[in-house]
Amino acid sequence: MRRAVGVWSRPLLAALLLAAPLLSPRALAAQEEREGNPEERRRALIALWDAQGGGAVAMNGMSFSVWLAAQGNARAALAVPVPTRGRWMSVGPVGFYGNNGLYGSLPQLDAGRVPAVAFHPTDRNTLYVGTAAGGVWKSTNEGASWVPLTDGQCSLVTGAITVDPVNPNIVYVGTGEFYESTAGCGVLRSTDGGATWTTFGTNTFAPTLASGIPFYHIALDYATAGSTTSTVLVAATNRGVHRSANSGQTWTLTTPALTFSDVAQHPTNPNVFWAIRQGVTGSATPPGLWRSTDKGQTWTTVTTFLADSVGRMELAVSAAQPQSVWIVGARQDGTFSGLWRWDDSTATRMALPATGVTAVPAVPSRLSFGDQGWYNLMLAVDPVDPAVIYLGGVRAYRSANGGQTFTEFAPTVHVDWHVIEVDPRDPKRILVGNDGGAFLTRDGGVSFQSLNRGLVTSLHYPGLSVHPTDATGVLTGMQDNGTILARNGILQWSGVGGGDGAYTAINPDAPDTYYYSSQNGSMVRVTGLTARGITNGIDANERRAFIAPFVLDPTRPSRLYFGGTRLYRTLNEGTNWTAISPDLSGGGSSTISAIAVAPGDSNVVFVGASSGNIRYTRDYGVTWLSPVSNLPTRPVTDFAMDPADPLRTVVTFGAAGGPHVFITKDGGATWSDITAQLPDVTTQAVAFGPGGRLFVGNMLGVYESTNDGQSWTRNDGMPFIRVTDLVYNARTNRLVAATYGRGIWAFDFGTDAPVLRGDVNNDGVVNAADVLLIQQALTGAQMPAGTQLFPAADANCDGKLEVLDALLVLRFSVGDTAAGACVGTRR
């Protein structure tokens, strides 16, 4: 996808620290924007990624065998050291300073969504987190740094992690995550602490294109733990409770194939397991608590609820009160339903008052438990003091009196809580995951520390923009974490807008002006420190995509286009908009999903819709033409227009079940399928690179063709991750990719002129003045005009800017060289 590029004057962090009084009311409002409706987002993603109408995002749109064939030999390539050129490399963010106001974690770092966490049973420094679409990560220093473990595995979507308490080198991962109905590929098992993995249960959990099963939780039998052949595992999924008696190698369904949203083992009786049946409107099986007395082989219902009173539920047990099971439930509409305790010794269920969970906060916009319980819900009970209970939805709460009353805890931590684990060896130590990443408390929730530095797990939507001359400059939107920007190689990025960050654009002729948007087409123009909403003239009742597209005319940057069902145009940077087309959506519930303006001719505009409808104009919108060729009736995801040939355009399509890439060489009338041997998965991005090289991004990474799509090769270096956008910048000779789960990646072509490393102010010497500039950049301060911080400030030539670089330049400036540093050399 091509977008006009420009510069911005300062990261938001500097604006907040240095010039907060200058922010306009609209800018402040943008900071406090809440994410979009998760159910609306889920439906939008299913429509885009669904494999042949299965109602869920199957394992990247293909069967497991086809998936492995599509990967080819690329797995081995992931282990090759990453050079600086000719291969994809991660460029961050390694945590970011979000801008969701009341809903983020400022001044701490956030990251992408974390639905699974696990403690090591004996080493308090070792932690595991499972991310929504970025795989499993491990820390051996209590979250100070992280390494990804599953980049080369069959799915990076994680629903559950369980570490064997007897042999902690054995780790189980349930792939697939129900929050966005994203299925996985079965169970991953490692016997060496995550260094290598084996996939099990594929035929059970991902047998066909559209029937993959996401995991809620995996409970490991502590009585049979420590074995690679005979450990009992019990898993809760959206299609029943499954059991393995051979350490995950094979699995058997032991309940009806209904949604069970949690499972746990009795703390002192290893034969007893508990599972919670989720409420589903219209189901003949009511929601309730199920019990097994034979390690999960057979089950009986011990207490039920009215189907209309509860939807999703979670359960918890405590070694301090082993005969009890605590249950939290959310209604079908996502609001708080109640908290209960089942006492097995007396076969009674007690409703706990839970006063305070739904109390309106002093600042109402901060929200309380909320109405997203089907999406964010968690529960834990202290293993030493059962009067201490933790529960969460949008916000998190703690009770010290057995559930009678609750008070909010972690008020400055990101909202939307998904998972909580209490360390059984130290109950004051609690590890949590939410839409802002992973957090740890060591004092029972009095304070929380962000563990997100080093977690490159952000979930990016399409709409990426890049800086024209600074190869590291990026402006991009994310799921529930707003829009962030980066410059000068700084890996902790800063936020500029809230909500679900969507499309962006930058004015190349007026560097202080850029645009960002959020869910449902809420657009903002920023000039310097002033932000203004720019939707005047757009029909508020007109259908538009959850992530609605808008683009900037690359030759006339005051002109932008926005798509609902009609195409809108502004000639004055968004101050006023006018519809310039009839309904181009194709009808039904379809909306415009892709827009492109020819880089050399502003009269030529292409529009695509989620129905597959394509229209184009060659006369500035006076008439709209239809292709002669038959094209897929699946979502149009992107266009790329050849800057060297105005008649040559490529279009991509989403969902599975047919070809995905087409090219026209006559300006849009006729199209040819150039999908060739590309895998049958959603293909969401396309861009022309140097010399006419063509790149597409799909659910498996980025593929390249040098012969107009006759053949394709998967690029090396990138994990098997969903690519949502591609932008090539000819001035920096860099292709940038946005991914849904593993942040931003870059591919550099050619060779740059060597730069004196450490000479940031370009005066020919490396001295303390250069150190000062690096320090200012790291704190977000405004750089002097003309300063090109990167790559000169990259003192160790690792492709990023960190505090270490400032230290290396300082040491060099006083005559102390450092082994391995490139400071003082031309590279």
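1. Val814 has a relative accessibility of 64% and is therefore classed as exposed, the cut-off for that class being over 50%. In this predicted model, Val814 is found in the segment that follows α8 (803-813). Together with Leu804, Leu807 and Leu810, Val814 makes up a nonpolar patch on the surface, and the accessible area of the four residues together is about 360 Å². As background, nonpolar side chains in soluble globular proteins tend to be buried together.

2. The structure contains 20 salt bridges. One of them pairs Glu142 with Arg429, with 3.0 Å between the closest N and O atoms. This pair connects distant parts of the chain, 287 residues apart: Glu142 is in the loop between β5 (136-139) and β6 (147-148), and Arg429 is in the loop between β27 (417-422) and β28 (430-434). Glu142 has a relative accessible area of 14% and so falls under the 20% limit for buried residues. Arg429, at 0% relative accessibility, also counts as buried.

3. Glu142 forms a salt bridge with Arg442 as well, the closest N and O atoms lying 3.1 Å apart. Here too, distant parts of the chain are linked, since Arg442 is in the loop between β29 (437-441) and β30 (449-450), 300 residues apart from Glu142. Arg442 counts as partly exposed, at 38% relative accessibility.

4. A further salt bridge joins Arg648 to Asp642, with the closest N and O atoms at 2.4 Å. Arg648 counts as buried at 10% relative accessibility, and Asp642 is buried with a relative accessible area of 10%. Elsewhere, salt bridges with shared partners connect Glu142, Asp423, Arg425, Arg429 and Arg442 into one network.

5. The largest nonpolar core has 22 residues, of which Tyr515, Met523, Phe550, Phe562 and Trp577 touch the most other members. Two or more residues of this core come from each of β35 (501-506), β39 (550-552) and β40 (560-563); β35 contributes the most, with 3 residues.

6. Which residues are in contact with Trp577, when neighbours within four places in sequence are left aside? They are Met523, Ile534, Thr535, Asn536, Gly537, Ile538, Leu560, Tyr561, Phe562, Tyr568, Arg569 and Thr570. Apart from the core to which Trp577 belongs, there is another core of 17 residues, including Val766, Leu773, Ala806 and Val823.

Definitions and conventions. Residues numbered from 1 in each chain as written. Predicted model: local features only at pLDDT ≥ 70, side-chain atom pairs only at ≥ 80, totals over all residues. Heavy atoms only, no water. Core = buried A, V, L, I, M, F, W, Y, C linked by side-chain atoms within 4.5 Å. Buried < 20%, exposed > 50% of the residue type's maximum accessible area, 1.4 Å probe, protein only. Helix = DSSP H or I, 4+ residues; strand = E, 2+ residues; numbered from the N terminus. Contact = heavy atoms within 4.5 Å. Patch = residues over 30% accessible without salt bridge, like charges linked within 9 Å, V, L, I, M, F, W, Y side chains within 5 Å. Areas by Shrake-Rupley, 256 points an atom, 1.4 Å probe, with all protein chains shown as cover. Salt bridge = Lys/Arg side-chain N within 4 Å of Asp/Glu carboxyl O.
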